[in-house]
Amino acid sequence: MAGRSNGNSNRAQHTITSLNRWSVANSHLPSVDKIKAIHVYDFDNTLFKSPLPNPKLWNGPTIGFLQTQDTFASGGWWHNTRFLGATGEGVEKEQPRAWQGWWNEQIVQLIQLSMEQKDALTVLLTGRAEPAFAELLKKMVNSKKLEFDIISLKPAAGPNNERFSSTMNFKQTFLEILVETYKGAADIRVYEDRARHVKAFRDYFTDYNKRQNGIGGSPTRGPIIAEVVQVADETTQLDPIVETAEVQRLINDHNEHVTRARRGTRLQIKKTVFYTGYLISNTDTQRLLTLAQLPPDMPDTEMKFLANNVLITPRPCPDSILEKVGGMGSRTTWEVTGTAVFESKIWAACVKPVPETKKYYTENPTPIVVLALRKGARPIDAGKIQDWDLLPPEKQFVFESTVGEKVLLRIEEENPTENEYESLFPNKALKRKHEDDDMRQSSGSYGNGGQGKHNQRDNHGARNSRGNRSNRGGRGNRGNGGGRGRGGRGGGGHHGYRSLDDVDRNSNGTTPSYNAAVAYEDFPPLQKQYQTPQQLVQQQFQLFHQYQKSIQGKGGNKQGAGNSSMELQYN
């Protein structure tokens, strides 16, 4: 294993010929005396907007699971070419148009300037595996007419049988060989998107220059001016249907390998239902959010913006209740009649059906739309609101909803003994709890026409004797924390992404365990400026099921394809 360089590599012969063994580019390296500057560019999310696992499609533990190298027989997200190859509309369509729209054009312009600078060496350096990705990356950069003197990917072993413990170890080893070969280069610039890698590069060149000044080592070439430029990455995703289908194919391949090898764990895509509700369209969500009168000094980062459903149940809906609300896909029109704030943490609106004789069901004491939450607040606590401020007639409006489920997908071990309803829960204790709940008499509120009052405010539905206790829904451990989503490249939960080498180890070097328990309050928040209408994604999942049937008809693994149809809200 190659450790951090301590100057021992200086005993090696640094020649253009030996350096060229690190490159897959079809180019002749310039002579040493002609190079005065070295420009090194990272690929993923520096030069190219590489798609990441979609946090609005998969739960947090699964996002971490997908990016782990050893989870799947053919490697995970960063190790299998199918995901990068599926970018846009796939290689066959994207190559002729040079993956238009998927490049960081500012970095492209810098590379073009590097290409024009006669005394500059232009390098593409990536931690993607050389055996798997060399040809695809060359196709991509060639289609964009980008010419690199060196294209270096992480090999299984270096030219001198070097072994690398991590992507950073590989890159530092390569960079030292690079600057030791081109000793006449006065400066080097490295472009990188990951904050952790930016710091590591800066620390590395600081230590390298100390050695060149005789501190902690013997000088070999003299100090070099090193600038590491952090590039702002842009989060991109694949088309949800393409992404789901590619993951399903990955699982099918994995399961076939497990069957042949007669060892390992078979996997399956399952869905987690966070709640069943009357789902609200994007347009009406934006209208409803205008009713949330937040304090003017409240930063958006302190808030979760919702306004996307009228709750039916905080879990999969039993058939007995689903039948009474008209089934999945049935529509109900609501009128907004009042608003309230609970403990300066929850902003909500109360609604009534139109017409008022329309039957509905909710496990809250009254039909409610949770508009916004402060950090730490739970949507379920909106059911504790007793007093509502009635809206004046000119501010009341109506909107339409569709019965559906808030769903995220997850990957778990295949369980032949599990029925369809059980598969909706990622935790056995939750399965048992909700099965028991569904065996008991429903504790929610049915409405069919303006019956009753609620603390001198209109209550558009009958309350039962259990009152606020009707808000009982299973709470598990927080589901989206276990896998930290894409945290690792950039950190920050789902909104970063993991390095090619650090997705499959904890800080102590052990393989992580993923806690897949979920709770009602853990469903991913709707962002203020972005939603995808439920109707669109429902259509996409119908297409996905058609795709599943087609690959099953071609010999795909049926057991890995899931066992239920999906009514989905994707926001």
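Trainee: What makes cysteine 317 buried?

Mentor: Buried means under 20% relative accessible area, exposed over 50%, partly exposed in between, with a 1.4 Å probe and protein chains only. Cysteine 317 has a relative accessible area of 8%, so the residue is buried. This is a predicted model: local features need pLDDT of at least 70, side-chain atom pairs count only at pLDDT 80 or more, and totals for chains, interfaces and linings use all residues. Residues are numbered from 1 along each chain as its sequence is written, and side-chain values use heavy atoms, with hydrogens and water left out.

Trainee: Why does cysteine 350 count as buried?

Mentor: Its relative accessibility is 1%, so cysteine 350 counts as buried.

Trainee: How many disulfides are there?

Mentor: A disulfide is a pair of cysteine sulfur atoms within 2.5 Å. By this rule the count is 0.

Trainee: What share of the protein's residues is buried?

Mentor: Of the 571 residues, 56% are buried.

Trainee: What makes α7 mostly covered?

Mentor: In α7, 15 of 15 residues are buried.

Trainee: How does α6 compare with its expected span?

Mentor: Helix α6 (residues 130–143) has 14 residues and reaches 19 Å from first C-alpha to last, close to the 20 Å expected. Its buried residues are Phe133, Ala134, Leu136, Leu137, Lys138, Met140, Val141 and Ser143. Contact means heavy atoms within 4.5 Å. The cover over the buried residues of α6 includes α3 (81–85), α4 (91–94), β2 and β3. Lysine 145 follows α6, with a positive phi near 60 degrees.

Trainee: What is the strand order in the open sheet of 5 strands?

Mentor: The order is β3-β2-β1-β4-β5, with parallel pairing. Two strands pair if DSSP finds at least two bridges between them.

Trainee: Why do β3 and β5 stand at the edges?

Mentor: β3 (150–154) and β5 (225–230) each have a single partner strand, so one side of each is left without a neighbour in the sheet. From one strand to the next, the twist averages 20 degrees.

Trainee: How many bridges join β1 to β2?

Mentor: Strand β1 (residues 37–41) and strand β2 (residues 120–129) run parallel and are joined by 5 bridges. Histidine 39 stands opposite threonine 122 in β2.

Trainee: Which strands does α7 touch?

Mentor: α7 packs on the sheet and touches β1, β2, β3 and β4; its direction makes about 160 degrees with that of β2. Axes are lines fitted to C-alpha atoms, for helices over the stretch in contact, and angles run from 0 to 180 degrees between N-to-C directions.

Trainee: In which sense do β6 and β14 pair?

Mentor: β6 and strand β14 (residues 398–413) pair in the antiparallel sense over 13 bridges. Glutamine 268 stands opposite glutamate 412 in β14. β6 also pairs with strand β8 (residues 309–313), antiparallel over 4 bridges.

Trainee: What makes β6 mostly covered?

Mentor: In strand β6 (residues 267–280), 14 of 14 residues are buried.

Definitions and conventions
Helices (H or I, at least four residues) and strands (E, at least two) are DSSP runs, numbered from the N terminus. The expected span of a helix is 1.5 Å times one less than its number of residues.
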